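Welcome, and please take a moment to turn the model around before reading on. The paragraphs below will lead you through it step by step.

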Amino acid sequence: QLRVWESTSSANDYKYMRMQQGGDNDAGGSSANETRTMSATAAYTHKFKNGHKFNAEAGHLYQPQYGNDQRRNTLNVSGNPSRMIETLSYTHQTDGKISYSLPLIKSADQVRMEMKAGSNITVKSIKNKFTENTSLAGALRMPSQIDGDIVMDFPESSVFFSPFIELGGGWEKFKYKANIKFQHLRTTSMHQNAGEDISTFSQDVTGNISLGWQMAPHHHLRLVMDRSIIRPSNWQMIPVLLYRPDKGNYVMGNPELLSSKLNSVNLNYVTDMKAKNTNIFVNASAGLIYTEGLITPVHEMIALDALLPYVTYENSGSSNILKANLLCCLTNGPLMVTLSSSFFDKLQKVSGSKDSNIYYNFCLGSVYRITDKWALSAEMTYNKPVSSPTVEYTPAFNGHLRISKVWDKLEAYAVVANVIHKPRREITRNIGLTTYRYYDLYPSSVFLGFSYHF
C-alpha cells in the first residue's frame with residue numbers, strides 16, 4: 001500500500017486592542033501563517049497460514065512553515081515597542097513501524113486472544129529561523145528589547161523510539177484490548193546563545209485498556225482507560241538563558257522537568273437504528289481526565305546589565321477535567337439533520353491557587369440533496385470559550401452555507417463562511433491595574449474547492 005499526500009493551509013488574523021487606564025488608547029496587530037505538508041507512506045503486510053501476521057510501515061514528511069506577526073504600538077507606553085516577527089521552519093520527519101502478531105487462543109470463528117509486539121521509531125530534523133524587528137521609538141530599552149533586526153537560527157533534531165506489546169481479542173459480544181508502550185526521546189539542538197549542542201532525554205511508560213460490549217444488535221457500549229503524557233518542549237528543558245523571538249522574552253529551561261501524566265476514563269455509547277422511514281444515529285460519551293505534574297511557567301529575575309525578567313518551568317499542580325459529548329444524526333430521504341454538543345468543566349490547582357473553567361458549544365446542521373448531483377448544507381454554531389481569572393472571552397455565534405455538485409468522481413463546492421453576521425470576539429485581559437480589550441474580527445468569506453476520488 002502506497003499513499004502520497006500534499007496539503008496547504010493558511011490563516012490570517014487581525015487583532016484590535018484597547019487599553020483602559022485613565023483614558024482610551026488604541027493599538028493593533030495582524031498575523032499570517034502558512035503551512036505546507038507533503039508526505040509519502042508505504043505499508044507491507046504478510047499473513048502466514050498459521051494465522052501469524054507481519055506488518056511494516058515507513059513514511060517521510062516534509063513541512064515548510066511561514067509565520068508573520070506584527071504588533072503595532074500607538075499607546076506611547078514606555079517599554080512596549082512595535083514589533084514584527086517572521087518565523088520560517090523546515091521539518092523533515094521519517095517514521096517507521098514494525099510489528100508481529102500471533103493468535104494465542106482461537107475458536108472456530110473468532111480469535112479469543114492475540115498478542116502483538118513491535119516498535120515505532122521517528123527521526124525528525126527541524127531548521128528554525130527567527131527574524132525580529134523592534135522599533136522602540138524612544139521607549140525604555142531593556143536587554144530583551146534591541147532596536148533593529150535580530151536573526152536567529154535554531155536547528156533541532158530528535159530520535160523517538162517506542163517498543164510496545166498488545167493483547168486483544170473477544171468472546172461473542174465482548175471485546176477487549178490492552179497495550180503498554182515504553183517511550184524514549186532524545187533531542188539535540190543548537191542555539192547561538194548557547195554556543196554548543198545541547199541534548200535532552202526523556203523516557204515514559206504509557207498504556208491503554210479498552211473494553212467493548214454489544215448490548216443489542218444496534219447498541220454498543222465501550223469503556224476506555226488510558227494513561228498518556230505531555231512532554232516538555234526542548235525550550236522548556238534547555239538549561240541556558242535563551243531569547244525567544246517568537247515569544248519576545250527570555251527563557252531558561254529546567255533539565256529536571258518531567259512529562260505531565262494524563263490518566264483518563266471514558267464511557268461511550270453508540271446506537272444506529274431505524275424508526276419507520278428515519279435512520280437515527282446517536283453517539284454519546286462522558287469521561288474524566290486527571291493530570292498530574294502540570295508543566296507551569298515560573299517568572300523569575302536575573303541580574304545582568306540590569307534586572308532581566310525571564311521564564312522557567314516546573315512540574316507543579318494538577319487538573320481535573322469532566323467532559324461530555326453528544327452527536328445525533330437523523331436522516332429521512334434527501335434530508336439529514338445533525339445536532340452536536342460538547343461540554344467540559346476544568347478545575348486546575350497550581351501553587352495553592354485554584355482556577356475553574358466551563359466550556360460548552362452547540363452545533364446544528366442540515367444537508368439537503370436537491371438532486372443526486374446537487375447538495376445544499378447549512379450550519380449554525382454557538383461557542384462559550386474557556387476563560388481564566390486574567391482573560392475572559394465573549395461567546396461567538398456563527399453560521400456557514402455550502403453548495404456542491406458531483407460529476408462521477410469529481411466534486412466542486414463553494415462555502416460561504418460567517419453568513420449570519422461578522423462576528424467579533426472580545427477578549428478582556430487584566431494585567432495589574434491595567435485592563436486590555438482585544439477584538440478578533442472574522443469577516444465573511446467565500447471558499448471554492450474541488451475534490452477527486454480515484
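Which residues form the largest nonpolar core? A nonpolar core here is a set of buried Ala, Val, Leu, Ile, Met, Phe, Trp, Tyr and Cys residues joined through side-chain atoms within 4.5 Å. The largest one has 11 residues: Phe130, Phe154, Ile198, Trp235, Met237, Ile238, Leu242, Val251, Leu257, Val311 and Tyr313. Two or more of its residues come from each of α1 (234-237) and β15 (307-315). A second, separate core has 5 residues, among them Leu241, Tyr243, Tyr250 and Leu308.

Before going further, a word on what you are looking at. This is a predicted model, in which local features need pLDDT of at least 70 and side-chain atom pairs count only at pLDDT 80 or more, while totals for chains, interfaces and linings use all residues. Residues are numbered from 1 along each chain as its sequence is written, and side-chain values use heavy atoms, with hydrogens and water left out.

The pLDDT is the predictor's confidence in each residue, from 0 to 100. For the protein chain the average is 80, and 75% of the residues score at least 70. Over residues 14-27 the pLDDT is below 50, and this stretch has 48 contacts in the model beyond near neighbours in sequence; a contact means heavy atoms within 4.5 Å. Residues 136-147 also stay under 50, with 22 contacts beyond four places in sequence. Where pLDDT is low, the predicted coordinates should not be read in detail.

Now for the overall build. The protein chain holds 1 helix and 25 strands; these are DSSP runs numbered from the N terminus, with helices being H or I of at least four residues and strands E of at least two. Of its 454 residues, 32% are buried. Buried means under 20% relative accessible area, exposed means over 50%, and partly exposed lies in between, using a 1.4 Å probe and protein chains only. Among contacts between residues at least 6 apart in sequence, 58% join residues at least 24 apart.

Let us follow some strands. Ser340 sits in β17 (residues 335-350), and its C-alpha atom is 7.6 Å from that of Asn325, 15 residues away along the chain. Leaving aside neighbours within four places in sequence, Ser340 touches Leu326, Leu327, Asn361, Phe362 and Cys363. Ser340 counts as partly exposed because its relative accessible area is 24%. Thr381, in β19 (residues 374-384), is also in contact with Phe362 and Cys363, as well as with Ala396, Phe397 and Asn398. Thr381 is buried because its relative accessibility is 16%.

How many disulfides does the structure hold? There are 0, a disulfide being a pair of cysteine sulfur atoms within 2.5 Å. For Cys328, the nearest cysteine sulfur is that of Cys329, 7.4 Å away. Cys328 is partly exposed, at 22% relative accessibility.

Finally, visit two loops. Lys276 lies between β12 (260-275) and β13 (278-292), and its phi is near 55°, a positive value in a residue other than glycine. Lys276 is exposed, since its relative accessible area is 82%. Asp408, in the loop between β21 (396-407) and β22 (410-417), has a positive phi of about 55° although it is not a glycine. Asp408 is exposed too, with a relative accessible area of 67%.
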